[in-house]
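Here is a walk through one protein chain, written for someone who would rather look at residues than at tables. Have the viewer open as you read.

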Amino acid sequence: MIRLLLLATVLVLSGCISSPGTISAVQEECCGDVPTNTYQNFLIDAQHIPAFLGPIIVSNFSVAMAQKGYQPESAAPSDLTIVLRFSKEHDAIMIEEQSKDTFSESIGPGANVSFMAIISIEIFDNSPNLIWKGRVERFHDVGHGEYMHTGNASIAFYDAFLRALESFPDNDNFIPAQ
């Protein structure tokens, strides 16, 4: 069952990211104003992200934060801890479960799997107080034989993370290494 779920997730996510900008970015209202020029680095805590998707998400989020002037840390302590959490919500009018070919643990010919894939983003300071919250999401409708175009997925995630982080302040104190 776990292999079936993992394979379905791979197929569903893989077939749907075909062009940049296809991932929605949402900045959630929470937590008040983020103090500027207080933080310099961050540590990412990736939770429940499928193994094939983890490196794409973590690396592109790290690049988006670096674009804003923050430096990634590989271990604690850090000024910020960023929790990236994968979840999915199924569409109410999905094709019934019987459409999956459970014998081969794949999506059967003619069958589709539909769901909303969500990467929630929570940024905590070292108190640890939640100081910022947002998410990126994409509706997936994947059929038999579709696969993920990793280059396109990487570009789409980077773009979505930049859009989601628009309200998070830049680190104006950052001086790039020479």
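## Ground rules

This is a predicted model, so local features need pLDDT of at least 70 and side-chain atom pairs count only at pLDDT 80 or more, while totals for chains, interfaces and linings use all residues. Residues are numbered from 1 along each chain as its sequence is written, and side-chain values use heavy atoms, with hydrogens and water left out.

## The overall layout

The chain has 3 helices and 8 strands. Reading from the N terminus, the order is α-β-β-α-β-β-β-β-β-β-α. Here helices (H or I, at least four residues) and strands (E, at least two) are DSSP runs, numbered from the N terminus.

Of the 178 residues in the chain, 41% are buried. Buried means under 20% relative accessible area, exposed means over 50%, and partly exposed is in between (1.4 Å probe, protein chains only). Now for contacts, meaning heavy atoms within 4.5 Å. Among contacts in the chain with a separation of 6 or more, 83% are between residues 24 or more positions apart.

## Where α2 meets α3

Helix α2 covers residues 54-67 and helix α3 covers residues 150-164; their axes come within 9 Å and cross at roughly 40°. The axes are lines fitted to C-alpha atoms, for helices over the stretch in contact, and angles run from 0 to 180 degrees between N-to-C directions. That makes α2 and α3 oblique to each other. As for the cut-offs, under 35 degrees is roughly parallel, over 145 roughly antiparallel, 65 to 115 roughly perpendicular, and the rest oblique.

Which residues make the contact? From α2 come Ile-56, Ile-57, Asn-60, Phe-61, Val-63, Ala-64 and Gln-67, and from α3 come Thr-150, Ala-153, Ser-154, Phe-157, Tyr-158, Phe-161 and Leu-162. Sorted by class, that gives 10 nonpolar, 4 polar and no charged residues. In this scheme Ala, Val, Leu, Ile, Met, Phe, Trp, Tyr, Cys and Pro are nonpolar, Asp, Glu, Lys and Arg are charged, and the others, Gly among them, are polar.

## Aromatic pairs

The structure holds 4 aromatic pairs. Rings of Phe, Tyr and Trp (its six-membered ring) pair if their centres lie within 6.5 Å; planes under 30 degrees apart are stacked, over 60 edge-to-face, and the rest tilted. One of the pairs is Phe-61 with Phe-161, edge-to-face at 5.1 Å centre to centre and 85° between the planes. Phe-61 sits in α2 and Phe-161 in α3, so to speak a link between distant parts of the chain, 100 residues apart. Both Phe-61 and Phe-161 are buried. Together with Phe-157, Phe-61 and Phe-161 form one aromatic cluster.

Another pair is Trp-132 with Phe-168: ring centres 6.2 Å apart and planes at 85°, so edge-to-face. Trp-132 is in strand β8 (residues 130-143) and Phe-168 is in the segment after α3, so the pair ties together parts 36 residues apart in sequence. Trp-132 and Phe-168 are both buried.

Ile-119 lies in strand β7 and is buried, with a relative accessible area of 4%. Leaving out residues up to four places away in sequence, Ile-119 touches Ile-57, Leu-84, Arg-85, Phe-86, Gly-134, Arg-135, Val-136, Phe-157 and Phe-161.

Ala-46 is in strand β2 (residues 41-47) and counts as partly exposed at 41% relative accessibility. Ala-46 and Ile-119 are 73 residues apart in sequence, with 9.8 Å from C-alpha to C-alpha.

Most residues other than glycine have a negative phi, and most peptide bonds are trans. The peptide bond from Ala-76 to Pro-77 is cis, with omega near 5°; Pro-77 is in the loop between β3 (71-72) and β4 (80-90). The bond from Ser-127 to Pro-128 is also cis, with omega near 0°, and Pro-128 is in the loop between β7 (112-125) and β8.

His-48 has a positive phi, near 60°. His-48 lies in the loop between β2 and α2 and counts as exposed at 64% relative accessibility.
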